[in-house]
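Welcome, and please take a moment with the sequence and the model before reading on. This briefing picks out a few local details that may interest you.

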Amino acid sequence: MARDLLQRYIWLVDTIRRYGRISRRELDRLWMRTQFSNGQPMPRRTFYNYRQAVEELFNVEIKCDPATFDYYIADLGGAHHEDVTNWLLNTAVTNELLAGSREVADKIFLEDVPSAREYLAPVIDALRTTRPIRFDYHPYGRVLTSEGVVVEPYFLKIFRQRWYVTGRHVASDKVKTYALDRITGLTVGTEPFRPDPAFDPEEYFAHSFGIVFTHGEVKRVMLKVDKRQAKYFRALPLHHTQEEAVHDEFSIFSYRLRISPDFVEELLSHGPRVQVLEPPELREMVRSELKQALDAYDNI
């Protein structure tokens, strides 16, 4: 029954979002075409209960326009909140579809996200209750494990199928980021902390690519991208500052961001389909990485 209810909530939100604005009569007409209705309109009380549940589960408010009596999704409070809500809805829809597709499970192949299994739930709980977390941390670049790390978590971020938590490292009083899949023995503290009111998570990563934060200068990056690869960049922009100038056989994509190793790796992953035009230092970083790769093969 719980799964059936979730499917109904998802249907309600998804339908209203797709239509933009919709009357109760039209909503009932669409509802009666679903497997949930038994051919009957949605009772007024049921509709009220579903609206409340949707707000609690997805932070989505279904409002009624008093002038037209149409229902619509209220402003989610900015692009970031809308992205999070879309992600939650997409995840819920995907989970429901996959749960009902067990008979073809051997024909569905998914990417593993190991960092979400054990510690995502307690970190979210710590974020919600503003309580510190304590854990041991073993990053890939170090031999020894850092034990007893205490962090006041500020936000979570997913990048390349891995979850990261960013917050104030209490011992050093610096903002640091940790991969959840390199954490062991995580516990949530009992006493809440007072978050820094001056810290803005969106601003923190506004000009960064990926999860690596640098204090370098924000640069104007220009990439020459072949016609085929440009289609992928349009569908999935590298960065929210992306702009495109279309030419006959290529496009010029421009960005404003801080150059980081993550961004260099991203550019290298596209091979000759992407060429750095500006800035000169980024061109040199990519050239140097390519030369080292060639040298490694020459020395075999």
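This is a predicted model: local features need pLDDT of at least 70, side-chain atom pairs count only at pLDDT 80 or more; totals for chains, interfaces and linings use all residues.

**A buried glutamine in a helix**

- Gln229 sits in helix α7, which spans residues 227-235.
- Its relative accessibility is 6%, so Gln229 counts as buried, because buried means under 20%.
- The side chain of Gln229 makes a polar contact of 3.5 Å with the side chain of His270.
- Beyond the neighbours within four places in sequence, the contacts of Gln229 are His270, Arg273 and Val274.

**Backbone angles to look at**

- As background, most peptide bonds are trans, and most residues other than glycine have a negative phi.
- A cis peptide bond runs from Glu278 to Pro279, with omega near -5°.
- Pro279 belongs to the loop between β12 (274-278) and α9 (280-298).

**Two positive phi values in loops**

- Asn38 is not a glycine, yet its phi is positive, near 55°.
- You will find Asn38 in the loop that links α2 (24-31) and α3 (44-58).
- With 70% relative accessibility, Asn38 counts as exposed, because exposed means over 50%.
- Phe69, also a residue other than glycine, has a positive phi of about 65°.
- The loop between β2 (62-64) and β3 (71-73) holds Phe69.
- Phe69 has a relative accessible area of 57%, so this residue is exposed too.

Definitions and conventions. Residues are numbered from 1 along each chain as its sequence is written. Side-chain values use heavy atoms; hydrogens and water are left out. Helices (H or I, at least four residues) and strands (E, at least two) are DSSP runs, numbered from the N terminus. Buried means under 20% relative accessible area, exposed over 50%, partly exposed in between (1.4 Å probe, protein chains only). A polar contact is a pair of N or O atoms within 3.5 Å; within protein, one must be able to donate a hydrogen and the other to accept it, and residues adjacent in sequence count only if both atoms are side-chain atoms. Contact means heavy atoms within 4.5 Å.
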